[in-house]
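User: I would like to go through this model with you and ask, for each label attached to it, which value and which criterion stand behind the label.

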Amino acid sequence: MASIWRAATALTEKQNDYDGVEFWSNPERTGWLTKQGEYIKTWRRRWFVLKQGKLFWFKESTITRGSRPRGVIPVASCLTVKGAEDILNKQYAFELSTRNATMYFIADSEKEKEDWINSIGRSIVQHSRSVTDSEIVDYDSKR
């Protein structure tokens, strides 16, 4: 578990260098979620921004070009996103899993939870494709 959080929170040396993602402008989804800390397993409320295959989190909801994320998760490294109420015994909980670890989040409502699961799920599919459109060969069209 610690390794994924280290990878997710390892911010680059250069300020504002997040693979060119302008997280402050036109994000795919934003909102408050409560997430579990990496080392001290307390729950903390954070503002999340999903954009271009990256899930950023911040302490404040006012995001500008100068804002520094508290962490970033590249969704292409994620395998699943699904409800986790039964696992955590907490209402509106969901999990985001990679090969090595699982992270837990709590939304403010059932609708928010489902919206986040759907948005992150779509992003996982879009950004973890192993075959690009240019690599697809349509054998039927080559007669």
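Analyst: Two strands are said to pair if DSSP finds at least two bridges between them. This is a predicted model, and with that criterion its seven strands form an open sheet in the order β4-β3-β2-β1-β7-β6-β5, with antiparallel pairing. The edge strands are β4 (71–74) and β5, each of which pairs on one side only. From one strand to the next, the twist averages 35 degrees.

User: What makes β1 and β2 a pair, and how are they joined?

Analyst: The requirement is at least two bridges, and β1 and β2 have eight, in the antiparallel sense, so by that definition they pair.

User: Which elements does the protein contain, and in what pattern do they follow each other?

Analyst: There are three helices and seven strands, and along the sequence they follow the pattern α-β-β-β-β-β-α-β-β-α.

User: Where does α3 pack, and which of its residues are buried?

Analyst: The buried residues of α3 are Lys113, Trp116, Ile117, Ser119, Ile120, Gly121, Ser123 and Ile124. They pack against β1 (29–36), β2 (43–51), β3 (54–58), β5 (80–83), α2 (85–88) and β6 (93–97).

User: Why is valine 81 called buried?

Analyst: The relative accessible area of valine 81 is 15%, and buried means under 20%, so valine 81 falls in the buried class. Valine 81 lies in strand β5. Leaving aside neighbours within four places in sequence, valine 81 is in contact with Phe94, Glu95, Leu96, Ile117, Ile120, Gly121 and Ile124. The C-alpha atoms of valine 81 and serine 119, which are 38 residues apart along the chain, are separated by 9.8 Å.

User: What makes a group of residues a nonpolar core, and which members of the largest one touch the most other members?

Analyst: A nonpolar core is a set of buried residues of the nonpolar types, joined through side-chain atoms within 4.5 Å. The largest has 18 residues, of which Leu55, Ile73, Phe94, Leu96, Phe105, Trp116 and Ile120 touch the most other members. The elements giving two or more residues to this core are β2, β3, β6, β7 and α3, and the largest share, four residues, comes from α3. Isoleucine 120, not counting residues up to four places away in sequence, touches Leu50, Leu55, Val75, Val81, Phe94 and Leu96. A second, separate core of nine residues includes Tyr18, Phe23, Trp47 and Val72. As a general background, nonpolar side chains tend to be buried together in soluble globular proteins.

User: Why is asparagine 26 called exposed, and what is its phi?

Analyst: Exposed means over 50% relative accessible area, and asparagine 26 is at 70%, so it counts as exposed. Asparagine 26 is found in the loop between α1 (2–9) and β1. Its phi is near 50 degrees, a positive value in a residue other than glycine. Most residues other than glycine have a negative phi.

User: Is asparagine 89 buried or exposed, and where is it found?

Analyst: With a relative accessible area of 71%, asparagine 89 is exposed, the cut-off being over 50%. Asparagine 89 is found in the loop between α2 and β6, and its phi, near 60 degrees, is positive in a residue other than glycine.

How values were computed: Residues numbered from 1 in each chain as written. Predicted model: local features only at pLDDT ≥ 70, side-chain atom pairs only at ≥ 80, totals over all residues. Heavy atoms only, no water. Buried < 20%, exposed > 50% of the residue type's maximum accessible area, 1.4 Å probe, protein only. Contact = heavy atoms within 4.5 Å. Axes fitted to C-alpha atoms, helices over the stretch in contact; angles between N-to-C directions.
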